[in-house]
Each structure stands twice: as C-alpha cells, then as structure tokens.
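Have the structure open beside you as you read.

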Amino acid sequence: MNIYLLNGPNLNRLGMREPDVYGRTTLGTLEKGLISFAGSLGIQLTAKQSNHEGDIIDWIHEAGEKADGIIINPAAFTHYSYAIRDAIASVDIPAVEVHISNVHKRESFRHVSVTAAVCEGQITGFGTDGYRLALHYFKGGDTDVQT
Ligand code: DQA
C-alpha cells in the first residue's frame, strides 16, 4: 500500500513555529519517523510539504494516479481553499485530514474546514500522533465509514 503524506504551508517550520501549539519536533524528524512507522505497518509513505496551493493540488492529482490514499494537513488552506477541496474530491482514493492542534479549541476561523467533508474523516488535537492514527486507519483498511 502506497500513501501520500501532504503537509501544507508553514509546516516546514515545525519545531520552531509556535512550539507551545505545534511541539518541538521538526518536519524532517516527523517525516522520517512516520516513514519508518508506516514501513512497520507495510505501508510505503511518500512525504511532501509545500507552502504553495498549486503544488498541493498537483500532488493530490499525482496521488490519485500513484497511491492508495492521502494523509493531508492542509494547514491554513483547510479553512478556505475550495481548490484543494475540489482536488481531493476529484480523485478516487480516500483522504484523511490531520491537524496537530485541536482546531476547535482555537480561533473561530479555524473551526471551519472546507476540506474535511471530502475526506473520510478528520483527526485533530492529538499532536503529531495524529499522523500515526491516520496510518492506522489505512492499515485497518476500513473505508466503509457510515455517514
Ligand atoms: C494546523 C491548524 C491550522 O489552523 C493552521 O493554520 C496550521 C496548522 C494544525 O496542524 O494544527 O498551519 O493545520
């Protein structure tokens, strides 16, 4: 199984950026740990990060051709990018939305996700462990979620 891990804007600054909110783990360390954890579950993880909406859209399309699923933290794009939402809806593979912080405990603009409705589900507030939870979801292979 091949899963794309897509991180959006400012997540390249993990570890330095608001560490009280996002923790002290850098993106490099996080990606390395997740690739190895995914390997232990028999999942091949392709990790990418961009500060640019178009890159993320292109990678979602690419995942639709090459991968079995997407784990995406669209970061601030979560709250307003209809283009990323449409890209997720345009591919025939499941996506899981992850947020490191609990967006519902924070400013009201973060309570809205325009992307969650086209994902299988949203994991928010469990720190970087949220990415591992998403990998467990794919390992379980249960895409038949009741709505
Ligand atoms: C975030 C939450 C977003 O509101 C914020 O813009 C981010 C990170 C999170 O992982 O908690 O950049 O997606």
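We will start with the overall fold and then move to the ligand.

This is a predicted model, in which local features need pLDDT of at least 70 and side-chain atom pairs count only at pLDDT 80 or more, while totals for chains, interfaces and linings use all residues. Residues are numbered from 1 along each chain as its sequence is written, and side-chain values use heavy atoms, with hydrogens and water left out.

The protein has five helices and five strands. Here helices (H or I, at least four residues) and strands (E, at least two) are DSSP runs, numbered from the N terminus. Read from the N terminus on, the order of elements is β-α-α-β-α-β-α-β-β-α. The radius of gyration, taken over C-alpha atoms, is 14 Å. That is close to the 15 Å that the globule rule (2.2 Å times the number of residues to the power 0.38) gives for 147 residues, so the protein is as compact as a globular protein of that length. Along the principal axes, the C-alpha atoms fill a box of roughly 35 × 30 × 30 Å.

For one local stop, find Thr-29 in helix H2, which covers residues 27-40.

Now, which residues are around the ligand? Among them are Tyr-22, Asn-73, His-79 and Val-103, where being around the ligand means having a heavy atom within 4 Å of it. By class, this shell has five nonpolar, four polar and two charged residues.

Look next at the oxygen atoms of the ligand. One lies 2.6 Å from an N or O atom in the side chain of Ser-101, and an oxygen atom is 2.8 Å from an N or O atom in the side chain of Arg-110. Taken alone, the ligand exposes 320 Å² (Shrake-Rupley method, 1.4 Å probe), and the protein buries 99% of that.

Technical notes:
A polar contact is a pair of N or O atoms within 3.5 Å; within protein, one must be able to donate a hydrogen and the other to accept it, and residues adjacent in sequence count only if both atoms are side-chain atoms. Ala, Val, Leu, Ile, Met, Phe, Trp, Tyr, Cys and Pro count as nonpolar, Asp, Glu, Lys and Arg as charged, and the others, Gly among them, as polar.
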